[in-house]
Amino acid sequence: HYYEDWGLNLSYMYFYPTMPTVHKVDQNQFLFMNLTQTYFVQANNVLNLQCGEIKGNWSLKMDVANIELKRSCWFGKSFFVEPVLGIQATEIRQRLVVNYGNLYINNGASGPNGPLLNPQKVTSTSEVWGIGPEVGADLRFLLPQGFNLFFRAAFASMFGQFKTTTKYSEILATSGGPAYGLPLTTYPTDLVSTLKETIARSFSMMQLQTSFTKLWKFGKTGSVELVLGWETQFWWSQNRFNWFSTVALPSEGSELSLQGPFG
């Protein structure tokens, strides 16, 4: 029978979506600069937290390869389960670029602690790779005329390397202010602050699929199957860069989730 043998599956996912640039403008300068406030504590205090324009873009590139061994387990004439045991290798690359404009600045510093620094551009990159075991199961309901209902649940745990770089540039320096009895002066600088981190760690992902399929058989050994369904992937501990989080302590909600139709 078509389904009564061991199976060796090879699969590869290429996911390079095109992300839109997000652009927000507020003439009242009520937009919150949440990517700079943690690292530049002095600059983004109660007075220097806001701006009037934000432009940002996030890019994501994913390559996922699997090799899986399966064996059918029948339950009745029209339903069977295929336990899955395999190996998964993954590479995930992210890049985030955010530009702040029309900064709301009414506080500076003088003397040994000044001036205050207000970055206008944040560039963050994350490169993650890993390899590890995968377990799961495929469920198939056989329907008449070669039609099938197919469900899949798989879990993979990988070990590899996280590498992040966060660069703060286009920094404005502000001196003086009411607290010092001096006029407030803001001027551009050539300063650039770059923070890097590389760490080995584990991470996990979960994959869920449901689909409707149609099978055509050719002779004793040939077949073609058309598949149309919906897939969800959930990746734990993929850094979002907000609040200057690090790979050692990713921010709350730093998981990466993907979902959509597939064929």
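Among contacts in the protein chain between residues at least 6 apart in sequence, what percentage join residues at least 24 apart? In this predicted model, the share is 73%.

## Overall architecture

The protein chain contains 12 strands and zero helices. The chain has 263 residues, and 41% of them count as buried. Its accessible surface amounts to about 14700 Å², with 60% of that area belonging to carbon and sulfur atoms.

## Confidence of the prediction

The mean pLDDT of the protein chain is 86, and a score of at least 70 is reached by 89% of the residues. Confidence is highest in strand β2 (residues 22-25), at a mean of 97. It is lowest in strand β5 (residues 73-74), where the mean is 82.

## The largest pocket

Rolling a probe the size of a water molecule over the atoms shows where empty space is left. In this model, the largest pocket holds about 1100 Å³ of space. The lining consists of 39 residues, and S11, F150, R152, Q209 and F262 lie nearest the centre of the pocket. By residue class, the lining divides into 15 nonpolar, 14 polar and 10 charged residues.

## Buried positions

Which residues does S204 contact, leaving aside its neighbours within four places in sequence? They are F155, A156, S157, F234, W235 and W236. S204 is placed in strand β10. The residue counts as buried because its relative accessibility, 17%, is under the 20% limit.

L258 is placed in strand β12. Its relative accessibility is 14%, so L258 also counts as buried. When residues up to four places away in sequence are not counted, L258 touches F15, L60, M62, E231, T232, Q233 and W235. L258 and Q207 are 51 residues apart in sequence, and their C-alpha atoms are 9.5 Å apart in space.

T36 lies in the loop between β3 (31-32) and β4.

## Positive phi angles

Most residues other than glycine have a negative phi. N102, in strand β6, is not a glycine and has a positive phi of about 55 degrees. At 42% relative accessibility, N102 counts as partly exposed, because this value falls between the 20% and 50% limits.

E170, in strand β8, is likewise a residue other than glycine with a positive phi, near 50 degrees. Its relative accessibility is 41%, so E170 counts as partly exposed.

Key:
Residues are numbered from 1 along each chain as its sequence is written. This is a predicted model: local features need pLDDT of at least 70, side-chain atom pairs count only at pLDDT 80 or more; totals for chains, interfaces and linings use all residues. Side-chain values use heavy atoms; hydrogens and water are left out. Helices (H or I, at least four residues) and strands (E, at least two) are DSSP runs, numbered from the N terminus. Buried means under 20% relative accessible area, exposed over 50%, partly exposed in between (1.4 Å probe, protein chains only). Contact means heavy atoms within 4.5 Å. Accessible areas come from the Shrake-Rupley method with a 1.4 Å probe; for residues, only the protein chains shown count as cover. pLDDT is the predictor's confidence in each residue, from 0 to 100. On a 1 Å grid over the protein atoms alone, a cavity is a set of points where a 1.4 Å probe fits but cannot get out, and a pocket is an open set with protein on both sides within 12 Å along at least five of seven lines; lining residues have an atom within 4 Å of a point. Grid points are joined across faces, edges and corners, and a volume is the space filled by probe spheres set on the points. Ala, Val, Leu, Ile, Met, Phe, Trp, Tyr, Cys and Pro count as nonpolar, Asp, Glu, Lys and Arg as charged, and the others, Gly among them, as polar.
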